[in-house]
Amino acid sequence: MQKTKEQLSVFSIGAITYPLLEILWKRGTHWSMAVAGGVCFCTLYNIYNNFKRLTFLQRGLISSAVITTVEFTIGVIVNIWQKWQVWDYSAFKFNFLGQICLAYSTLWFLFSLPINFIAKRLKNYFVSLPVNKEHSFKQIEFNVTD
């Protein structure tokens with residue numbers, strides 16, 4: 001049960017954070033971006049915390065690959081199959097079917113640094129919780145010296 005709560009919490013953080021970032025960046029979002037954010041953050045959280053010896057370059061490449069793959073998958077569903085026209089990267093160089101492009105894949109690489117930082121702190125928080133006891137969220141400390 002503890003692991004389920006952890007995964008649901010991590011998914012929720014991604015599902016809330018990514019649409020908020022998109023609203024700040026593009027002045028709008030779509031509910032499918034909450035799904036994308038939750039899937040991406042949950043996947044990266046688990047990769048980063050299970051493979052702790054990854055270098056910055058490896059983490060960046062993994063982040064870029066995971067987020068670009070999720071973006072492409074959701075793009076095919078919502079933009080191509082459903083024709084909802086949520087986004088279109090056709091105007092960008094090096095795009096594929098207008099769903100993904102090199103510019104955003106590069107941005108996802110750069111996002112690996114804060115994603116890794118948050119994932120590590122969250123894992124420390126969940127490890128510190130007592131097992132099989134109801135709890136309320138305590139303050140998460142973000143020390144840069146770790």
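**Helix packing and chain totals**

In this predicted model, the axes of helix 3 (residues 56–81) and helix 4 (residues 102–128) come within 7 Å and cross at roughly 120°, where axes are lines fitted to C-alpha atoms over the stretch in contact and angles run from 0 to 180 degrees between N-to-C directions. Local features need pLDDT of at least 70 and side-chain atom pairs count only at pLDDT 80 or more, while totals for chains, interfaces and linings use all residues. Residues are numbered from 1 along each chain as its sequence is written, and side-chain values use heavy atoms, with hydrogens and water left out.

**The helix pair**
- Helix 3 and helix 4 are therefore oblique to each other, a class left for angles that are not under 35 degrees (roughly parallel), over 145 (roughly antiparallel) or 65 to 115 (roughly perpendicular).
- The contact (heavy atoms within 4.5 Å) includes Phe-56, Leu-57 and Ile-67 of helix 3, and Trp-108, Phe-109 and Leu-113 of helix 4.

**The chain**
- The protein chain has four helices and two strands, which are DSSP runs of H or I with at least four residues and of E with at least two, respectively.
- From the N terminus on, these elements run α-α-α-β-β-α.
- Among contacts between residues at least 6 apart in sequence, 56% join residues at least 24 apart.

**Surface**
- Of the 146 residues, 38% count as buried, meaning under 20% relative accessible area with a 1.4 Å probe, protein chains only.
- The chain exposes about 9,400 Å², of which carbon and sulfur atoms supply 67%, by the Shrake-Rupley method with a 1.4 Å probe.

Terms used
Buried means under 20% relative accessible area, exposed over 50%, partly exposed in between (1.4 Å probe, protein chains only).
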